[in-house]
Amino acid sequence: MRRGSFLPESTLTELSPLTKLSEFPTARCAQGVLSVGLMEYAYVRIARELEQQIRSGRIPPGGKLPGEQELAAEYSVAGGTIRRAVRELRDRGLVETLPSLGTYVLEELPPTDRPAE
């Protein structure tokens, strides 16, 4: 297997452009989850899950997100991964981080840019 590769080299050479994505195995790696042939980084998954909690009201407007260490333990990732996920939420206009106080859900959320799941 080549360094940084997730599939055996023989598999990589046997794939044709018509190979269905559903034929790929699902596997975990240090950077995220390889699912149906596509890579999803842990921070993207965590940001998506937190956004779902925010939009569902589980974390209400004005509510405080759990702290970095608590989220890191819950998701079994490093603090840097949580910081990156929170940055994604800030970039989406869902939360605001106040230094030394925490990260809070904004009162008015932007509309979602993707269909409801």
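**Helix packing and overall make-up of a predicted model**

**View 1. Helix H2 passes helix H4 in a right-handed crossing.** Right-handed here means that the near helix is turned clockwise from the far one by less than a right angle, and helices are DSSP runs (H or I) of at least four residues, numbered from the N terminus. This is a predicted model, in which local features need pLDDT of at least 70 and side-chain atom pairs count only at pLDDT 80 or more, while totals for chains, interfaces and linings use all residues. Residues are numbered from 1 along each chain as its sequence is written, and side-chain values use heavy atoms, with hydrogens and water left out.

**View 2. The contact of H2 with H4 involves residues from both helices.** H2 contributes Ala42, Tyr43, Ile46, Ala47, Leu50, Glu51 and Ile54, and H4 contributes Thr81, Ile82, Arg84, Ala85, Glu88 and Leu89, where contact means heavy atoms within 4.5 Å. These residues divide into nine nonpolar, one polar and three charged, with Ala, Val, Leu, Ile, Met, Phe, Trp, Tyr, Cys and Pro counted as nonpolar, Asp, Glu, Lys and Arg as charged, and the others, Gly among them, as polar.

View 3. The protein has four helices and five strands, strands being DSSP runs (E) of at least two residues. Of its 117 residues, 26% count as buried, that is, under 20% relative accessible area with a 1.4 Å probe and protein chains only. Among contacts with a separation of 6 or more, 44% come from residues 24 or more positions apart.

Key:
Buried means under 20% relative accessible area, exposed over 50%, partly exposed in between (1.4 Å probe, protein chains only).
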